[in-house]
Amino acid sequence: MGEPVPERGVRTEELATRLEPILSRYRGQAGGLIPLLQEVQGELGWLPEEALRLVAEATGLTLAQVVGVASFYAQFYFQPRGRHVIRVCTGTACHIRGAPKILERLEEELGIGAGETAPDLSVTLETVNCLGCCALAPVVVVDERVLKKRDHKKLWEWIRKRRVE
Ligand code: FES
């Protein structure tokens with residue numbers, strides 16, 4: 001992923017320059033909208049409205065069509081996301097085995113609530129409902145890495161280190 005863009009203060013020209021290598025491969029191709037959106041999100045961390053406009057221009061679709069498709073899929077985000085994403089499973093098995101306490105501690109340590117991104121875009125904290133690996137409960141996922149209970153020590157070490165950086 002490229003450096004995530006903040007919610008405000010990014011100029012359209014900067015965005016256009018940054019996205020040009022991606023957009024140029026999809027120009028005039030309305031059929032490649034999903035992979036294009038995935039690549040744009042991969043570069044920016046989320047899909048700002050201005051980026052959706054650029055996608056519409058490049059593909060020849062209307063902004064409404066692009067937004068309609070993007071908003072249909074849960075994989076696309078319309079708010080800034082952090083460089084790292086921590087997801088706490090709050091499904092039944094994880095809940096019983098201590099997920100609420102883990103979430104509370106994460107909120108305290110990171111200074112953000114569930115569903116929020118740190119202002120410096122370093123991290124996003126989310127909850128999910130059952131990741132399908134209940135035997136490992138309570139489960140926390142950092143980026144794509146699943147941490148079962150005995151790995152949680154590493155999570156707290158990582159957060160402590162992040163605070164002193
Ligand atoms: S409830 Fe957490 S993995 Fe299933």
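**View 1. The largest nonpolar core of the predicted model holds 16 residues.** Leu37, Val40, Leu47, Ala51, Leu52 and Val55 have the most contacts inside this core. Two or more residues each come from H1, H2, helix H3 (49–59) and helix H4 (63–72). H3 gives the largest share of the core, five residues. Leaving aside residues up to four places away in sequence, leucine 37 touches Leu47, Val55, Ala70 and Phe76. Another core, of 14 residues, lies apart from the largest one. Cys89, Ala99, Val123 and Val140 are among the residues of that other core.

**View 2. Helix H1 (residues 12–26) and helix H2 (residues 33–44) cross at roughly 170°.** Their axes come within 10 Å. H1 is therefore roughly antiparallel to H2, as angles over 145 degrees count as roughly antiparallel. On the H1 side the contact involves Arg18, Leu19, Ile22 and Tyr26. These meet Leu36, Glu39, Val40 and Glu43 of H2. Sorted by class, the contact of H1 with H2 has five nonpolar and three charged residues, and no polar ones. Val40, part of this contact, is also listed with the residues that have the most contacts inside the largest nonpolar core.

**View 3. H3 and H4 pack at an angle of about 115°.** Two packed helices are described by the angle between their axes and the distance between the axes. For H3 and H4 the axes are 8 Å apart, and the crossing is right-handed. H3 contributes Leu52, Arg53, Val55 and Ala56 to the contact. From H4 come Leu63, Val66, Val67 and Ala70. Val55 and Ala70 are both touched by leucine 37.

**View 4. A cis peptide bond joins alanine 137 and proline 138.** Omega of this bond is about 0°. Proline 138 is located in the loop between S3 and S4. Alanine 135 also lies in the loop between strand S3 (123–128) and strand S4 (140–142). Alanine 135 counts as exposed because it has 8 C-beta neighbours inside 10 Å, where 12 or fewer is the cut-off for an exposed residue. Between the C-alpha atoms of alanine 135 and cysteine 94 the separation is 9.1 Å. In sequence these two residues are 41 residues apart.

**View 5. Leucine 121 has a positive phi of about 60° and is not a glycine.** Leucine 121 is placed in the loop between strand S2 (116–117) and S3. With 19 other C-beta atoms within 10 Å, leucine 121 is partly exposed. A buried residue would need 20 or more such atoms.

**View 6. Aspartate 143 has a phi near 55°, a positive value in a residue other than glycine.** The loop that holds aspartate 143 runs between S4 and strand S5 (145–147). Aspartate 143 counts as exposed, since 10 C-beta neighbours lie inside 10 Å.

How values were computed
Residues are numbered from 1 along each chain as its sequence is written. This is a predicted model: local features need pLDDT of at least 70, side-chain atom pairs count only at pLDDT 80 or more; totals for chains, interfaces and linings use all residues. Axes are lines fitted to C-alpha atoms, for helices over the stretch in contact, and angles run from 0 to 180 degrees between N-to-C directions. Helices (H or I, at least four residues) and strands (E, at least two) are DSSP runs, numbered from the N terminus. Angles under 35 degrees count as roughly parallel, over 145 as roughly antiparallel, 65 to 115 as roughly perpendicular and the rest as oblique. Two residues are in contact if their C-beta atoms, placed from the backbone, lie within 7 Å. Ala, Val, Leu, Ile, Met, Phe, Trp, Tyr, Cys and Pro count as nonpolar, Asp, Glu, Lys and Arg as charged, and the others, Gly among them, as polar. A nonpolar core is a set of buried Ala, Val, Leu, Ile, Met, Phe, Trp, Tyr and Cys residues joined through C-beta atoms within 7 Å. A crossing is left-handed if the near helix is turned anticlockwise from the far one by less than a right angle, and right-handed if clockwise.
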